[in-house]
Amino acid sequence: MAISTKLEMRQSQSLIMTPQLMQAIKLLQMSNLDLVSYVEAELERNPLLEKGEADPAENSPSDVNTQAEAPAGDRADAQEVMATADGEPGTGDWMQSDLETGAEAIASRMDTDLGNVFPDEPGVPASPDPAQLKGGDSYKNASSSAASEDYNLEAFVADEESLVTSLEEQMNLAFASEADKLIAGHLINSLDENGYLYLDLAEAAEQLGVDLVRVESVLAVLQTFEPAGVFARNLAECLKLQLIEKNRYDPAMEALIANIELLAKRDLAALKKLCGVDDEDLVEMVQEIRALDPKPGSVFGGALVQPMVPDVFVRPASDGTWNVELNSDTLPKVLVNQTYYARVVKTARDETEKEYLTESLQTANWLAKSLDQRAKTILKVSTEIVRQQDGFLTHGIEHLRPLNLKIIAEAIEMHESTVSRVTSNKYMATPRGIFELKYFFSSAIAATVGGDAHSAESVRHKIKQMIDAEDPKAILSDDTIVKVLKGEGVDIARRTVAKYREAMKIGSSVQRRREKNAKL
């Protein structure tokens, strides 16, 4: 077989991730807050994009173009014409009209003294000279500058004090040496948001070029700052500092703090022996520990809490079904100014400008199309979720069905990855509360008699209900919970019950027995 060079034409299909497709995928998985920020950036970048308003009559493109194309002379004439008090038009500068500026003229017209009109005023300021008003804006500028000096709006803005700011103010009063202030500033900046110091003092001393003893002495002073408990290296030290500040750190408390893990396990009998106290004293000591703040730095607040704005509203209809609608407030509205593009493209000086305008028009059209497609996809997925989880919306969490992405994708004829992107960072407002769309997707737990599978979320809810209703004298073990659930038709293993219980931060049967007996 001879080897030769030849040309062939082949037809094939392949998926290419174009920039437009990547943008559509990116928009699909954005939350409503991220989407608004992205659209705002595009509005600043693209001259052909305009922000859509709720009332199109107020900011229609035609109105904008009409105002922009008005001749300068016409606008000047329009500004010179004004309406008088009785509705008749007047021309000329209003500053040149006859004004009653004297106190006597105003008093004669009002037939009374100005002191009677303004009894609460300490005095009537001298009126400006009409010549001053006609001569220019010197009086106006002087009065406005005086007002700006008297009233500083920024002085009325509330500034939230942070943990670092509060500690730095105390540091400047507690330390006189600049070296100690430098060490204290380094330790302050090493605190976490809860006020704990997770820092190796030896490494900090080597980094700052000072002795370890000096760093420890500075830390000892810092641990006396407000709020009490800051600069602790662990929970036990944090509680110790707060007890010292309250003058309650006696030998019994010291033993309790040293064995704080026994308190977490509710092993009160062992604590009573270690502390050398009776039941009444131990109960008082435990109450004092619970009154302390394990996160002293959190009183200054942390990151801003973003409000949870639903993307979809679900409301019951009169016929027993559900109405699913998008939250229009979370959908940014953009308009493509075709008129502006048609006018500007004619004045383009070279091919580079024409290419830029054409690319901007394509980007604007694609963004508008992507936003519309995103809204339709969210509505389509949400509608199918509501159809699948009708029992949950009607009767509660016990009727939550097991659901996965594949079921929704096959029902709406979309890919699973698309459904996964749609359900990320999206929320649905229902009569039972606001839930993330991913909440409705739950794994299935088989039934004992071959019936319908149970949702893992509903099983967790059943376990929590059983534990909350258990008798303090008959605490349910994991094996007992398994037997009860199997009696209700749920085929579940003991390790699964333990996993669900730990995920809900519920202690074991031993810990619950100690805790409930302590309350009794």
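Predicted model: local features only at pLDDT ≥ 70, side-chain atom pairs only at ≥ 80, totals over all residues.

Residues are numbered from 1 along each chain as its sequence is written, and side-chain values use heavy atoms, with hydrogens and water left out.

Colour next by secondary structure. The protein chain has 26 helices and ten strands; helices (H or I, at least four residues) and strands (E, at least two) are DSSP runs, numbered from the N terminus. Of the 520 residues in the chain, 31% are buried, where buried means under 20% relative accessible area, exposed over 50%, and partly exposed in between (1.4 Å probe, protein chains only). Among contacts (heavy atoms within 4.5 Å) between residues at least 6 apart in sequence, 59% join residues at least 24 apart.

Select residues 163–174 and 178–188, which are helix 9 and helix 10. Their axes come within 11 Å and cross at roughly 165°; axes are lines fitted to C-alpha atoms, for helices over the stretch in contact, and angles run from 0 to 180 degrees between N-to-C directions. Helix 9 and helix 10 are therefore roughly antiparallel to each other, since angles under 35 degrees count as roughly parallel, over 145 as roughly antiparallel, 65 to 115 as roughly perpendicular and the rest as oblique. Show the side chains: Val 164, Leu 167, Glu 168, Met 171 and Asn 172 of helix 9 meet Lys 181, Ala 184, Gly 185 and Ile 188 of helix 10. This contact comprises five nonpolar, two polar and two charged residues; Ala, Val, Leu, Ile, Met, Phe, Trp, Tyr, Cys and Pro count as nonpolar, Asp, Glu, Lys and Arg as charged, and the others, Gly among them, as polar.

Move to the loop between helix 12 (212–222) and helix 13, where Pro 227 is found. A cis peptide bond joins Glu 226 to Pro 227, with omega about -5°. Most peptide bonds are trans.

Now select helix 14 (residues 251–258) and helix 16 (residues 268–275), which pack at an angle of about 140° with their axes 9 Å apart. That angle makes helix 14 oblique to helix 16. Ala 252, Ala 255 and Leu 256 in helix 14 meet Leu 271, Leu 274 and Cys 275 in helix 16, a contact of six nonpolar, no polar and no charged residues. Which residues of helix 14 are buried? They are Ala 252, Met 253, Ala 255, Leu 256 and Ile 257, and their cover includes helix 13 (235–245), helix 15 (260–264), helix 16 and helix 17 (279–290).

Two loop residues come next. Glu 413, between helix 21 (405–412) and helix 22 (416–422), has a positive phi of about 60° although it is not a glycine. Glu 413 is exposed, with a relative accessible area of 74%.

Finally, select helix 25 (residues 494–503), in which Thr 496, Val 497, Ala 498, Tyr 500 and Arg 501 are buried. Lys 505 lies in the loop between helix 25 and helix 26 (509–519), and has a positive phi of about 60° without being a glycine. Lys 505 is exposed, at a relative accessible area of 79%.
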